[in-house]
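This briefing walks through selected features of one protein chain, grouped by topic for reading alongside the structure.

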Amino acid sequence: MSSSRIEHDFLGEKEISNSVYYGVQTLRALENFSITGIPISKEPLFIQAFGYVKKAAALANRDCDVLDPKVAEAIVYASDKLIAGEYNDQFVSDLIQGGAGTSCNMNANEVIANIGLEYMGKQKGEYDFLHPNNHVNCSQSTNDAYPTAFRIALYKKIDIYVKALEALQVSFSRKAEEFKEVLKMGRTQLQDAVPMTLGSEFHGWATTIGEDIQRMRESQKLVCECNMGATAIGTRINAPEGYPELCTKYLAEISGIPITLSEDLIEATSDTGAYVQISGTLKRSVIKISKICNDLRLLSSGPRTGLNEINLPKMQPGSSIMPGKVNPVIPEVVNQTAYYVIGADVTITLAAEAGQLQLNVMEPVIGFSLFTSLEYMTNAIHTLVSKCISGITANVDVCKNLVMNSIGIVTALNPILGYEESASIAKEALNTGKSVHDIVVKDRKLITQEKWDEIYSIENMIHPKFIKE
């Protein structure tokens, strides 16, 4: 057997190593698009999704009598290999490419064709028996096969991201329970506000993550609608009668995802609105996570000259020059990952807007941006949970002393003394450095010590009740 074979397309001939399963069009893509250095092989869910698409198409074409059952059988066999995660290394096209995803689609067509040829007892490249375009791509265009595979992969990537969010929510909830009796000072605009518990702060974070879990699940449903059978622009050209419906039915059965056929295939072929909404929902969640990381950095600041209300796990020495310094490196890396996702959202917005007439050719960069954003942020959340949240401890005495020495506790006196008197007390405390307690009880004798003890009991600070003289 020769070490290479000659393949051709309408641009000419190329020599292809017989060690590879891709063909001439994939080789051209490899030569043309050296952009990110990240090939499709780095997104195995995308390759698996192409396996689903090509298998469903082969079965539908067989049932519509436009594909020989033996050829369909070979395509199904090869597609199953892709679904099982085999041959991923044969997917070499860069994730960002020109051509609206044609290189990705042809990479799949050629690999499936050559796997199928070996299954049929033929040699790689003997396309008279099983052709990448005529057979594997039968009744399809890149313009329906690529976005459908993208949507299936995206559905699964969102699943993985949501599971990470759920783990983060659980982690915050556990800390909320652990810190439910830790009194601390609440703050607005970085100024003292009113007392709360550290547990309620963590509980609030768990709640907000729960909201984003719901929003991500809602947006995930948008990718369940596909345009298989639309072919080039949505007119169903080259697709036999009944093929779109049949292919979609097979696709739902094979993938386990509730895929449905779009009612308007022309609209579905050109519209990328679902990706914009998913990206926006993802951005919403990462902004909130990044904000929480800002809070963690503030609450752990110091330790001697900052808030020092909580301790983050010590992960690494914090300085090459300052001995003993430990930095909040895990929240910092999550912040930076969030900034990447926010930037990627802008890319997706511009790419979606750039669609022209019956197709958006910028879908590869949309796919790249969503795939990387979901993966990077999933990794960041797992890092946050395992290397930060789970190991946080509270500085209980520091939290309590900050409360009792705060001017903000004067707010609890409003119902008894009124706003004007309370504001006067706060002003004097600020100007003189005296405690609110000494001004109210000792100097002005506005309430008794017993009343003070009632108002400022730990129980009342944690679970405030309305107290009026």
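Predicted model: local features only at pLDDT ≥ 70, side-chain atom pairs only at ≥ 80, totals over all residues.

Helices here are DSSP runs of H or I that span at least four residues, and they are numbered from the N terminus. By that rule, glutamine 220 has its place in helix α7, which covers residues 198-220.

**Annotated domain**

- An unreviewed UniProt entry lists residues 13-343 as "domain: Fumarate lyase N-terminal".

**Glutamine 220 and its surroundings**

- Is glutamine 220 buried or exposed? Its relative accessible area is 4%, and because buried means under 20%, glutamine 220 counts as buried.
- The glutamine 220 side chain makes a polar contact with the side chain of arginine 217 at 3.0 Å, and a further polar contact joins the side chain of glutamine 220 to that of aspartate 159 at 3.2 Å.
- When residues up to four places away in sequence are not counted, glutamine 220 touches Tyr155, Ile158 and Asp159.

**Aromatic rings**

- A search of the whole structure finds 14 aromatic pairs. In the pair formed by phenylalanine 46 and phenylalanine 50, the ring centres are 5.0 Å apart and the planes stand at 40°, so this pair is tilted.
- Phenylalanine 46 and phenylalanine 50 both belong to helix α2 (residues 44-63), where they are 4 residues apart, or about one turn of the helix, and both of these residues are buried.
- One aromatic cluster is formed by Phe46, Phe50, Tyr146, Phe150, Tyr275 and Phe371.

**Lysines over tyrosine rings**

- Lysine 124 lies over the face of tyrosine 21, at 4.3 Å from the ring centre.
- Lysine 249 is placed over the face of tyrosine 250, with a distance of 4.6 Å from the ring centre.

**The β3-β4 hairpin**

- Strand β3 (residues 183-188) pairs with strand β4 (residues 191-197) in the antiparallel sense, over 5 bridges, and within this pairing methionine 185 stands opposite proline 195 in β4.
- The two strands, β3 and β4, form a hairpin with 2 residues between them, and glutamine 189, which is in the turn, has a positive phi of about 55°.

Conventions
Residues numbered from 1 in each chain as written. Heavy atoms only, no water. UniProt positions renumbered as here; feature names shortened; annotations may be inferred. Phe/Tyr/Trp six-rings, centres within 6.5 Å; stacked < 30°, edge-to-face > 60°. Buried < 20%, exposed > 50% of the residue type's maximum accessible area, 1.4 Å probe, protein only. Lys NZ or Arg CZ within 6 Å of the ring centre and 35° of its normal. Pairing = 2+ DSSP bridges. Polar contact = N/O pair within 3.5 Å; in protein donor to acceptor, adjacent residues only side chain to side chain. Contact = heavy atoms within 4.5 Å.
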